[in-house]
Amino acid sequence: MRKLILALALLALSTAAQAGETLRMAVTTSFHNSGLAEVLLPRIKADLDLDVQLLVVGTGQALRLGRAGDVDAILVHSRAAEEAFVTEGYGTHRREIMYNDFVLVGPSDDPARISGSADAVAALRAIASNATTFVSRGDDSGTHKKELRLWQGAGLAPEDFERWYRSVGAGMGAALNAAAGMDAYILADRASWLNFGNKAGLALLFAGDPELFNQYAYLPVNPDRHPHVQAAQAGRLEAWLVSPVAQALIDGYQIGGETLFVFNATP
Amino acid sequence: MSALLPLTVTGAEARRRGKTLVGPVDLTMDGPGTTVVIGPNGSGKTTLLSLLHGTARLSRGTITWNCPLEQARAAQAFVFQRPVMLRRNVRDNIAYPLQLRGTRRPEARAQADQWAERIGLGDMLDRSAGALSGGEQQKLALARALILKPELLFLDEPCAALDGRSMREIETILANAKAEGTKLVLATHDMGQARRMADDVLFLLHGRVHEARPAPEFFAGPDTAEARAFLKGDIVE
Amino acid sequence: MLDVWNGLAAAFWLVVRLDPDLIEITLRSLQVTLTALVIASLIALPLAALLAVRRFRWRRAVIAVLNALMGLPPVVVGLVVYILLSRSGPFGVFGLLFTPTAMIIAQVIIIVPLIASIAHQSLRELWTDYHDLLISLNVTQRQKMQTLLWDARRALLTAALAGFGRAIGEVGAIMIVGGNIDHVTRVLTTAIALETGRGDFALALGLGFVLIALAVTVNLVIHGLGRTEREGRW
């Protein structure tokens, strides 16, 4: 018995030590699901000898983590919230890095006929007037905020919708799973959609409206607020993210022959 | 040699939920020899033994030893009607009290082995105590009580559920303990055992000491009608 | 149904290839959960023994609370630990959030009531058996607890295994306090949640089967060790 306890204790205490510089960055689910991180992180490690630890959360939670000082930087896509974050003094500044776009996904037979719509707002109006099932992230994420702005643009308010509007309160992947299960329409970022493994009867039905562009920005957490943050490392990472090396990797990243991101940082 | 005795009890009472189980009891007990406690069922034999041993709460009165209570408790042992077996093997059961008192394990086990040999469990040292027969368990309990060399040993109907052979073996062990100077206080409802073992008799009735006399006198002819009736085998209420 | 077969196949290949990521997160799962188990047992078992032998005014209330806490929702534990360990929280200075230590803390909180409750049940039974003898032998409170804990060790092993089962399969709390960071705080359950989110059901199921196999193996190993020891001494 004593031997057993000893063995357990030894196994338990053999904690793996972490070496090298590390930086914690909160990123959105959509960014992480795109798979771009798996291309960027090894190169960052090689170029900067910096271990970037990603916390994959919604934009809302990412901003919260930054406010609490639990991460060193955030990479998100919700302009208004980001600007508020900087104005309130939680972030030093906002640096635009790249954009991808949102797409409208739905049942492949497209009962609301949105594939020929003139723009995103028209597509949403078609869904609403048909009252076909629509899945909303409902989690205060960047994608969710974008969706709400689009409804607003269409002159509609989700609070007034009937039961066809399903707010699932989940991440992009879980929401896509829900849409696949219900044969519903959903607003998704292109990267998550392309990387999503459980497409079932869903298809990409509408994309290309500039309204749907999705700008990612990098925000270092303000060391004046949280003295413990790795401000120097966050600065090095920012310099790398806007460098030509990053540009080549971001612009060159493809899934199934499709380019996902467009680098648009100003040096 | 006894630092423990005499024991003086004055006005001792045990009550539970407003009901008097034992008492008031006044008595003096001095060694050596065996005091047998007899009386009908419900007369309070078990409670009296527990009171004296200090494991039942004294509601009123005093129990005074010839030494501080702490020391007195350490010099006593108690054997129950239904032996309590630790979930360990025979050796570790017998060694347990020694280990409690700080004896190192090898030494405690060596002594336990000797005791197991003396009581006839020498070939069962590694058996689980729970798997022993009733008689073997009671012998184990005796060895566990005697290993601390108590000056005073309480026994509460130790042979109540045992066959003749086990009873004989246990009485032999008790006779040896007595010969080595241990004072025994034995509660029993077996009149044969009482006659065989007793030097003094306490006859309890309704929680009180009804008669207390040296054994030969008591068995020759009790003073009280109730004791006479009890000895004859009548039902005494 | 096809997904289940794909999951089994995925599990098979992950194991056969000795996938380095799989090995890493499996070892981390074990490390976090076993550490939490050892710490939780060191807290819960003496507590259970104390509750079994000691009569004090709030004993019943404490037992009732422990029993109720067995059903503590892990997400709530995770959220509370998160708030406490956050840089803006009372223990923020230690910088423990998003580390395996934070996950261990959360798991300890989740399984202490479970282990203590189950252990208390069996210790109380044993105490009923032993009560007269131990009182007669005039043992100290400490010796009482030691005797009960030692003699009930088989039942306590069961209690600990129940705790292990709850901790190894837990995801809600450690997702929040660990953050599911690759190579740092990713364990089997959070990896499963991640792959489910990506819609890769086969991989998620594969990891799930690995998790189940791991839990079964640990149980068998611990039971096996317990039996060897029993035959030797009991």
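The views below show a predicted model.

**Figure 1. The helical make-up of chain C.** Chain C contains 10 helices and 0 strands. Read from the N terminus, its elements follow the order α-α-α-α-α-α-α-α-α-α. The C-alpha trace of chain C spans about 65 × 50 × 30 Å along its principal axes. Of its 234 residues, 48% count as buried. When contacts in chain C between residues at least 6 apart in sequence are considered, 78% of them join residues at least 24 apart.

**Figure 2. An annotated span of chain C.** An unreviewed UniProt entry lists residues 26-222 of chain C under "domain: ABC transmembrane type-1". In the model, this span is 78% helix and 0% strand.

**Figure 3. Helix H9 of chain C and the glycine after it.** Helix H9(C) covers residues 188-197 and is mostly covered, with 9 of its 10 residues buried. Among these buried residues are Leu188(C), Ala191(C), Ile192(C) and Leu194(C). The buried set also includes Thr189(C), Thr190(C), Glu195(C), Thr196(C) and Gly197(C). Gly199(C) follows H9(C), and its phi is positive, near 80°.

**Figure 4. The contact between chains A and C.** Two pairs of chains touch in the model, and the pair with the most contacts is that of chains A and C. Chain A gives 29 residues to this contact and chain C gives 23. On the side of chain C that touches chain A, the elements giving two or more residues are helix H2 (20-53) and helix H10 (201-233). H2(C) supplies the largest share of that side, 4 residues. Chains A and B, by contrast, do not touch, and their nearest C-alpha atoms are 14 Å apart.

**Figure 5. Confidence along chain A.** The average pLDDT of chain A is 88, and 93% of the residues score at least 70. Over residues 12-19 of chain A, however, the pLDDT is below 50. This stretch has 7 contacts in the model beyond near neighbours in sequence. Where pLDDT is low, the predicted coordinates should not be read in detail.

**Figure 6. Helix H4 of chain B and its buried side.** Helix H4(B) comprises residues 105-118, 14 residues in total. From its first C-alpha to its last it reaches 20 Å, close to the 20 Å expected at 1.5 Å a residue. Its buried residues are Ala108(B), Ala112(B), Trp115(B) and Ala116(B). These four lie on the same side of H4(B) because they cover an arc of only 100° around the axis. They pack against helix H3 (90-100) and helix H5 (134-146) of chain B. The face of H4(B) turned away from the buried side carries two exposed residues, Pro106(B) and Glu107(B). Gly120(B), with a positive phi near 85°, follows H4(B).

**Figure 7. Strand E6 of chain B and its partners E5(B) and E7(B).** Strand E6(B), residues 152-156, is mostly covered, with 5 of its 5 residues buried. Both of its faces are covered: Leu152(B), Phe154(B) and Asp156(B) lie on one side, and Leu153(B) and Leu155(B) on the other. E6(B) pairs in the parallel sense with strand E5(B), residues 76-79, over 4 bridges. Within this pairing, Leu153(B) is the bridge partner of Ala77(B). E6(B) also pairs in the parallel sense with strand E7(B), residues 183-187, over 5 bridges. Here the bridge partner of Phe154(B) is Val185(B) in E7(B).

Figure 8. Ala74(B) lies in helix H2(B), which covers residues 69-74. Gly164(B) is 90 residues from Ala74(B) along the chain, and the C-alpha atoms of the two residues are separated by 32 Å.

Terms used: Residues are numbered from 1 along each chain as its sequence is written. Chains are lettered from A and ligands numbered from 1 in the order in which they are written. This is a predicted model: local features need pLDDT of at least 70, side-chain atom pairs count only at pLDDT 80 or more; totals for chains, interfaces and linings use all residues. The expected span of a helix is 1.5 Å times one less than its number of residues. A residue is buried if 20 or more other C-beta atoms lie within 10 Å of its own, exposed if 12 or fewer, and partly exposed in between; C-beta atoms are placed from the backbone. The arc is that of the directions from the helix axis to the C-beta atoms. UniProt positions are given in the numbering used here, feature names are shortened, and annotations may be inferred rather than shown by experiment. pLDDT is the predictor's confidence in each residue, from 0 to 100. Two strands pair if DSSP finds at least two bridges between them.
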